Amino acid sequence: MLARNPDEETGALGSNGDMFDNKKGFYERLDLLHQDDYFLKHQGVDWSRFVYRFDPQKTIAALEDPGTTFVDWHGATQPLWKEGRSLLRKLHQPKTQPYVLKDPRMCITAPVWFHLFGDQVRPRRSPS
């Protein structure tokens, strides 16, 4: 979907490591992954459960209030747009244009990102 690689010097998309749920090590920005999880958790949804309950319009409306919070998986109150603010700051630097963001959760949260980025978002399923 939105993209830029982690290595601005070489242009290599790379990997952020062999994580327990990403055994092949495909690159996924952790700030994007976390923000998508926050969007889902805010509505009591998980990437693998209750997806049909996710209403992008509720998330879009909640983002209008910078004080919107949710209770995370550890019972702590977190701001809904916690990772998104820093993500946007990083991605709107001239040296990071254009960029690609990849997170499987985006198939659920895409309408929120379309709202936030407008016509800058160009979904792609495969590079070919």
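K82 is partly exposed, with a relative accessible area of 37%. The residue is found in helix 3 of what is a predicted model. Setting aside neighbours within four places in sequence, K82 is in contact with Q35 and Y38. Its C-alpha lies 9.1 Å from that of T69, a residue 13 places away in sequence.

**Overall layout**

The chain has 4 helices and 2 strands, and read along the sequence these follow the pattern α-α-β-β-α-α. Of the 128 residues in the chain, 38% are buried. Among contacts between residues at least 6 apart in sequence, 61% join residues at least 24 apart.

**Helix 3 and helix 1**

Helix 3 spans 82–91 and helix 1 spans 30–42. The buried residues of helix 3 are E83, G84, S86, L87 and L91, and these pack against helix 1 and helix 4. An acidic residue, E83, is therefore part of the buried set, given that buried means under 20% relative accessible area.

The contact between helix 1 and helix 3 is made by D31, L32, H34, Q35 and Y38 on the helix 1 side and by K82, E83, G84, L87 and K90 on the helix 3 side. By class, the residues of this contact divide into 3 nonpolar, 3 polar and 4 charged. The crossing of the two helices is left-handed.

**Helix 4 and its partners**

Helix 4 covers 106–117. In its contact with helix 1, the residues M106, I108, T109, V112, W113 and L116 of helix 4 meet L32, Q35, D36, F39 and L40 of helix 1. This contact holds 8 nonpolar residues, 2 polar and 1 charged.

What is the relative accessible area of D36? D36, which lies in helix 1, has a value of 0% and is buried. Beyond its neighbours within four places in sequence, D36 is in contact with D103, R105, M106, T109 and W113. The C-alpha atoms of D36 and E83 are separated by 9.1 Å, although the two residues are 47 apart along the chain.

Helix 2 (56–63) passes helix 4 in a right-handed crossing. P56, T59, I60 and L63 of helix 2 and P111, V112, H115 and L116 of helix 4 make this contact, which by class has 6 nonpolar, 2 polar and no charged residues.

| Helix pair | Axes come within | Crossing angle, roughly |
|---|---|---|
| Helix 1 and helix 3 | 8 Å | 145° |
| Helix 1 and helix 4 | 10 Å | 95° |
| Helix 2 and helix 4 | 8 Å | 40° |

At roughly 95°, helix 1 and helix 4 are roughly perpendicular. Helix 2 and helix 4 are oblique to each other, as their axes cross at roughly 40°.

In soluble globular proteins, nonpolar side chains tend to be buried together. The largest nonpolar core in this model has 19 residues, and those that touch the most other members are L32, F39, F54, L80, L87 and W113. Helix 1, helix 2, helix 3 and helix 4 each give two or more residues to this core. Which helix gives the most? Helix 4 does, with 5 residues.

L32 and L87 take part in the contact of helix 1 with helix 3, while L32, F39 and W113 take part in that of helix 1 with helix 4. W113 is also among the residues in contact with D36.

**A loop residue with positive phi**

Most residues other than glycine have a negative phi, and most peptide bonds are trans. F50 has a positive phi of about 60° although it is not a glycine. Where does F50 lie? F50 is in the loop between helix 1 and helix 2. With a relative accessible area of 32%, F50 is partly exposed.

Note on methods: Residues are numbered from 1 along each chain as its sequence is written. This is a predicted model: local features need pLDDT of at least 70, side-chain atom pairs count only at pLDDT 80 or more; totals for chains, interfaces and linings use all residues. Side-chain values use heavy atoms; hydrogens and water are left out. A nonpolar core is a set of buried Ala, Val, Leu, Ile, Met, Phe, Trp, Tyr and Cys residues joined through side-chain atoms within 4.5 Å. Buried means under 20% relative accessible area, exposed over 50%, partly exposed in between (1.4 Å probe, protein chains only). Axes are lines fitted to C-alpha atoms, for helices over the stretch in contact, and angles run from 0 to 180 degrees between N-to-C directions. Angles under 35 degrees count as roughly parallel, over 145 as roughly antiparallel, 65 to 115 as roughly perpendicular and the rest as oblique. A crossing is left-handed if the near helix is turned anticlockwise from the far one by less than a right angle, and right-handed if clockwise. Contact means heavy atoms within 4.5 Å. Ala, Val, Leu, Ile, Met, Phe, Trp, Tyr, Cys and Pro count as nonpolar, Asp, Glu, Lys and Arg as charged, and the others, Gly among them, as polar.
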